Amino acid sequence: MAMSCDRSRKKWQKVLYKDQGVSDNYVDESFLEEMKKNLHIRTYEFWAVVRESNVVMQQIYSVWIFVAVYFHMRNFVLTPQFLFEMSSAVTIVGYIVNFVILHENALTKSRWKDGKTMGIFLILGFSLSPILMTLTKTISTDTIYAMTFFMLLANLLFHDYGTDAAIVSQAFSLNAAIFASICLASRLPTTWHAFSLVTFAFELFALWPILRRNLKIHFPRLQIILSFLLGSVVTVSVATVSSVAVVVFLLLHLFITILCPAWLIRLQPYKNNIHGPWDEAVIKQ
Amino acid sequence: MWKGPRGSGLFRIYFPIECLNRPSAFTIGYVDESNKWAVVTGLLRPSESSARDPEGQDRGSTPLSSLIGIWINRDDDRGGGGEEDALHWTGDHSLYSSSSLSSSSDTDLLCLSKTGEVLAVNGHPDHYLCKGRAFEFVIILYDSALFLASCTLMQLMNNSDDDDGDDAGDRRNNRQQDNVQIISGSLAKHQTYVDSCGSEIQKRFAFSAHRRRKPFLLHVADCMFAFPEYLLMNLILIPSSWLSNLRFFQIPAIKMMIDIPSTLNQMKIRYGSYQTECLTAQTGRHCPKQPSTRNVNVCCLFGDVCLGLLTLGFLWTSGCIDSYADRFIVWAEAVAVEFESLLHWLMGVPAGLKVNEPLAYFLGHFFLYHIFLWKAYLRTLRPFWSDICYYSCLSGCLGLTVQLSLLQDLISMMTIHIYCFYVYAARLYHLQIVALSSLWRLFCGKKLNVLRKRIDSASYDIDQLFAGTLFFTILLFTFPTTTLFYLVFAVLRLLVLSIQGMLSTSVSFMNKMPVYWFFLRLVRPSSTAGRLNASVVQHEPLCIYLQLKPISFRELFRMSTRNAPSAEVLGNTWTSLGKKLILGELIYPWIEPSPKSHPS
């Protein structure tokens, strides 16, 4: 008896190979003292988050512009020649800008590769356009629109916004966008329409994000101006198609730009991350 | 004190039922200590002269038939108790000196008496007997005459059961086969012994299970078959089998050309493989004087040829060839017209399904051109068609099976356009499926690693992604159209294949049917024994009567289908068929491993 009193005065150790004279369900005061809460918390500042959310918005702008262009072509407001010329001009300008930004020397190798890409793309697109045009002739329009919607949604979901999440798959997002563009292009009346729409989609979804990424790296302050520009272009073009769409777009814009950051910041106090010696070991190089 | 047989387990003693009312004598037969059986095949009366040692003849050569015991019949004159009888016997005929007895065989003498007592006797007359309760035994009575008469059939059943290899449910059958093999083997050895031993010993046999002379009916059958067999062998079969063994026919291309049309294949089976059957006839002479396999083959062939000639006669004399031939051509042309309308229907809106118009248009016109060619072919064939039919009935001379396989060939020639369409559609469908699966992987940004056989993530260039997505979309939207065409033609092809399959099944059934055994079963049932019946005659000691019953017709029928390669071997189960249909692989039901031997 006296021996056990002695032992309990000693500090209780978290080992099992010693008989420490206590019962099996004894809970010491040192329980959970190694637990740390919310170690890696970040404090968010509202306007900074709003500024960062424009990355998502820019991709959404691309999608809306594309759909708006489709509807304009369908209503014969926009002619395919005009679209093709405009998009080619903008592409060339963007290419030169990209070239200037990256300060690359005029190596012929990467120029040759880019030229090859362009050549393949043009030839393929042009030769397969007649097939593409009649591809979905017998499928109802509603089905096509539903498929396009889901494919563009997939594009937005899987797009690489600069984080390294597991869901990101650059190839899948690009392919989904091209699939959506082919679905829509098959609804247009002539081969020229289809070809120009597909070309425009390719430039918008494949080449524009590259330029965007490079601009963000080198000129971060340009992002806000770019977003405002694109936003206004989208609003104007969608407004001429349908007014309901504009309202939806503006609400969406508000939601993502203002509401979501506010929501994020409001939820921060509820964060309850527990860290402790039970965590998996992370090998740091 | 006698040790008794070594080891434990039931000792089986086979005793011919005809010996039950024979006078007392020495039993001769064969004993196997390790497998625990003893077969009595004969009863030998002792000779009068004491100097003669009947075992002396055996001793020089390999001891085939050895003395294994004494049979004591109490109703005999000698009378008396069992043990004294045995002593009396051994003592009386003391020419059997102890040394000769002890050196004659590994076992000691067994003594059977009519009441079923098994007594064991040691070689020395003054050593004592013990009643045979020291070891477990069972006496099995068998009909030696019936066994001798029908040993060929038993041999066949042994061989075919061995080929089955199905030991799960056939353990009882295996036990029966075991008995049959033991008895047949011992009888065969006994036959050779009797044939080789001298006439003095043969005179002393009180009973011997060997065949003295051939049954009259089989003799008649042999004579009947001798002349046609001579004719067939020398004029037809030997030259044709020499032909089929020529080096020319072993070239793979020629071999394939002969295997595919079933007429030639059937002729090769019937007439070309005669050499191998001849050889097996020579080596298969286990039983004394069994009907040679040549007779059996000839009978089968004869039946076939007779049926063929009957059909030929009927078709020629009834004069319905012309009308049927005409009707057939008209029907073939109507089928071609129906086909055209089917294709037009597919090019439109078939069953409300929405097909891709340009592709359906292209495929439809492609097949329509083939139908046009087919109709031209039919038109050129029409004048000669009834003559072709008339003279092809002549093949009935070679047998009904050849006629049926000729019919099968004609059907496959008449439906060759269906086969062509099926092959085109299947190849296109398969190609599309393979391309789609590969492009889907590209769509997800993954790639098939052929070396490791797994899916890896891959980094593609932008133009690769673009081209891949373009092709994926095109293939995906044209997939329903291709599937529709493929399904329609696959169904038609399966229909034709089922008709051909029925014909070929009946041909192979007729190939393997044992006609000779059917005939023999009707005429002389005792020589076609196929079933063993065991009934208990006496309980103490256990005595079982193994009765041979004639083979049932159903069993004979089953023999004809027994050696067919199973479906799993051919790879033609329903699941594999379904898988091939879905993947678009071609269905080839006629390529099967060639059968190695025929039971009849």
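Here are some worked exercises on a predicted model with a chain A and a chain B.

**Exercise 1: Size up the contact**

Work out how many residues each chain brings to the contact, and how much area the two chains bury between them.

*Solution.* Start with the head count: chain A brings 29 residues and chain B brings 23. Next, the area: about 2,300 Å² is buried between chain B and chain A, and 80% of it is on carbon and sulfur atoms.

**Exercise 2: Describe the side of chain B that touches chain A**

Find which elements of chain B give two or more residues to this side, and sort its residues by class.

*Solution.* First, the elements: they are α16 (416-443) and α17 (462-512) of chain B. Of the elements on this side, α17(B) gives the most, with 14 residues. Finally, check for pairs across the interface. The rule finds zero salt bridges between chain B and chain A, but it does find three residue pairs in polar contact.

**Exercise 3: Two positive phi angles**

Take L32(A) and K453(B), and give the phi angle, the loop and the exposure of each.

*Solution.* Now go one by one.

- L32(A) is not a glycine, yet its phi is positive, about 60°. You'll find L32(A) in the loop between α1 (2-9) and β1 (36-37) of chain A. Its relative accessible area is 43%, so L32(A) is partly exposed.
- K453(B) isn't a glycine either, and its phi is positive too, about 55°. K453(B) lies in the loop between β10 (446-449) and β11 (454-457) of chain B. With a relative accessible area of 69%, K453(B) is exposed.

**Exercise 4: Aromatic pairs**

Classify the pair F126(A) and F195(A) and the pair Y390(B) and Y391(B), then look for a cluster of ring pairs.

*Solution.* Over all chains, the structure holds 42 aromatic pairs. For F126(A) and F195(A), the ring centres are 5.3 Å apart and the planes are at 80°. Planes over 60 degrees apart count as edge-to-face, so that's what this pair is. F126(A) lies in helix α5 and F195(A) in helix α8 (residues 191-218) of chain A, so the pair ties together parts that are 69 residues apart in sequence. Check the exposure as well: F126(A) counts as exposed at 53% relative accessibility, while F195(A) counts as buried at 5%.

Now Y390(B) and Y391(B): the centres are 5.4 Å apart with 85° between the planes, and this pair is edge-to-face. Y390(B) is partly exposed, at 30% relative accessible area, whereas Y391(B) is exposed, at 53%.

Last, the cluster: ring pairs link F158(A), F172(A) and F179(A) with W440(B), F443(B), F472(B) and F477(B).

Conventions:
Residues are numbered from 1 along each chain as its sequence is written. Chains are lettered from A and ligands numbered from 1 in the order in which they are written. This is a predicted model: local features need pLDDT of at least 70, side-chain atom pairs count only at pLDDT 80 or more; totals for chains, interfaces and linings use all residues. Side-chain values use heavy atoms; hydrogens and water are left out. Contact means heavy atoms within 4.5 Å. Buried area is the accessible area (1.4 Å probe) that two parts lose on being put together, summed over both. A salt bridge is a side-chain nitrogen of Lys or Arg within 4 Å of a carboxyl oxygen of Asp or Glu. A polar contact is a pair of N or O atoms within 3.5 Å; within protein, one must be able to donate a hydrogen and the other to accept it, and residues adjacent in sequence count only if both atoms are side-chain atoms. Helices (H or I, at least four residues) and strands (E, at least two) are DSSP runs, numbered from the N terminus. Ala, Val, Leu, Ile, Met, Phe, Trp, Tyr, Cys and Pro count as nonpolar, Asp, Glu, Lys and Arg as charged, and the others, Gly among them, as polar. Buried means under 20% relative accessible area, exposed over 50%, partly exposed in between (1.4 Å probe, protein chains only). Rings of Phe, Tyr and Trp (its six-membered ring) pair if their centres lie within 6.5 Å; planes under 30 degrees apart count as stacked, over 60 as edge-to-face and the rest as tilted.
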